[in-house]
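Let's walk through this model together, starting inside one chain and ending where two chains meet. Keep the structure open beside you as you read.

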Amino acid sequence: MITNPASKIYSSINALPEIKNRREKTSGTSGMMSPLLKKTNMPTNKNSIEKEPAFIVAKIQQRIKKDRQEIKDMKDAT
Amino acid sequence: MQPNEQSFDRPIPGMSLTHELGARPWQQPADITNVDDAAEYYITQIADDTFAKNLIHTMKMGVPLTTIANSLQLAGVMEGKHSVDVGILMIPVIMETMMLIGDAAGVDYDTGLADNKELDQNVVTTATIGKLLQSEADNKDMMEPVQEQSVQEVQDEPVIENTGLMSRRT
């Protein structure tokens with residue numbers, strides 16, 4: 001039997017909370033010691049989730065959804 | 001389809017062996033291997049004027065978006081554009097893009113998600129918690145008689161009298 005998983009997959013991705021863009025950490029230090037105090041952007045395990053395909057898909061979906069909502073709002077306003 | 005209904009919509013045994021291995025597009029390495037490129041491919045394809053016009057027409061006919069999205073990604077797999085897993089992951093992106101086109105055109109479309117209303121997260125959570133509590137209560141009921149029985153067995157154990165030659169007399 002051919003099944004259509006579309007509705008379940010869409011509902012699962014759509015139910016995810018909003019993914020916000022992470023702000024780059026800035027040390028804000030200056031002077032001779034600044035190179036030592038500067039936080040390096042070393043790859044961490046926390047960043048690895050952002051490379052997951054499902055995470056990328058959720059991000060793209062949320063971006064399109066946002067655009068769609070804006071179009072909807074504009075239409076409602078006019 | 002009814003559960004007892006016979007389905008003839010399935011591959012014939014040996015159907016996959018009617019061609020040389022690698023002769024079909026889906027048996028070749030996929031053109032697109034990551035979701036970023038796949039999303040770009042589908043968004044570009046859907047945003048095309050001709051496609052969008054046909055899509056709006058299809059939406060007006062009442063075809064659910066889930067069906068269109070699934071057909072699109074399946075066609076991509078069959079053409080060897082991407083693998084099955086990338087195709088499955090593309091479904092939300094395809095659906096959302098189609099909804100955007102539908103909203104922009106002011107079409108009243110069917111998402112095909114109506115059946116999933118029952119699977120509301122709160123309902124699922126409540127059901128899961130209820131089930132857990134029930135199983136915990138069942139476990140308690142099962143445990144209590146076993147404990148009582150074991151205590152009773154210890155109490156009823158017959159006292160064996162020492163009858164040997166070397167046994168200590170009391």
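Which residues of H2(B) meet which residues of H4(B)? Before the answer, a word on the ground rules: this is a predicted model, in which local features need pLDDT of at least 70, side-chain atom pairs count only at pLDDT 80 or more, and totals for chains, interfaces and linings use all residues. Residues are numbered from 1 along each chain as its sequence is written, chains are lettered from A and ligands numbered from 1 in the order in which they are written, and side-chain values use heavy atoms, with hydrogens and water left out.

Now to chain B. From H2(B), the residues B:Ala52, B:Leu55, B:Ile56 and B:Met59 meet B:Met98, B:Ile101, B:Gly102 and B:Ala105 of H4(B), where contact means heavy atoms within 4.5 Å. Helices here are DSSP runs (H or I, at least four residues), numbered from the N terminus. By class, this contact has seven nonpolar residues, one polar and no charged ones; Ala, Val, Leu, Ile, Met, Phe, Trp, Tyr, Cys and Pro count as nonpolar, Asp, Glu, Lys and Arg as charged, and the others, Gly among them, as polar. The axes of H2 (residues 49–60) and H4 of chain B come within 10 Å and cross at roughly 80°. These axes are lines fitted to C-alpha atoms over the stretch in contact, with angles running from 0 to 180 degrees between N-to-C directions. The two helices are therefore roughly perpendicular to each other, a label for angles of 65 to 115 degrees.

Helix H1(A), residues 6–14, packs against H4(A), residues 53–77, at an angle of about 80°, with axes 10 Å apart. That makes H1(A) roughly perpendicular to H4(A). Here A:Tyr10, A:Ile13 and A:Asn14 meet A:Ala54, A:Ala58, A:Gln61, A:Lys65 and A:Arg68.

A:Tyr10, A:Ile64 and A:Arg68 supply 24% of the area that chain A buries against chain B, more than any other three residues.

Side chains of opposite charge can pair when their charged atoms come close. Between chain A and chain B there are two salt bridges, each a side-chain nitrogen of Lys or Arg within 4 Å of a carboxyl oxygen of Asp or Glu. A:Arg68 forms a salt bridge with B:Glu96, with the closest N and O atoms 2.7 Å apart.

Technical notes
Angles under 35 degrees count as roughly parallel, over 145 as roughly antiparallel, 65 to 115 as roughly perpendicular and the rest as oblique. Buried area is the accessible area (1.4 Å probe) that two parts lose on being put together, summed over both.
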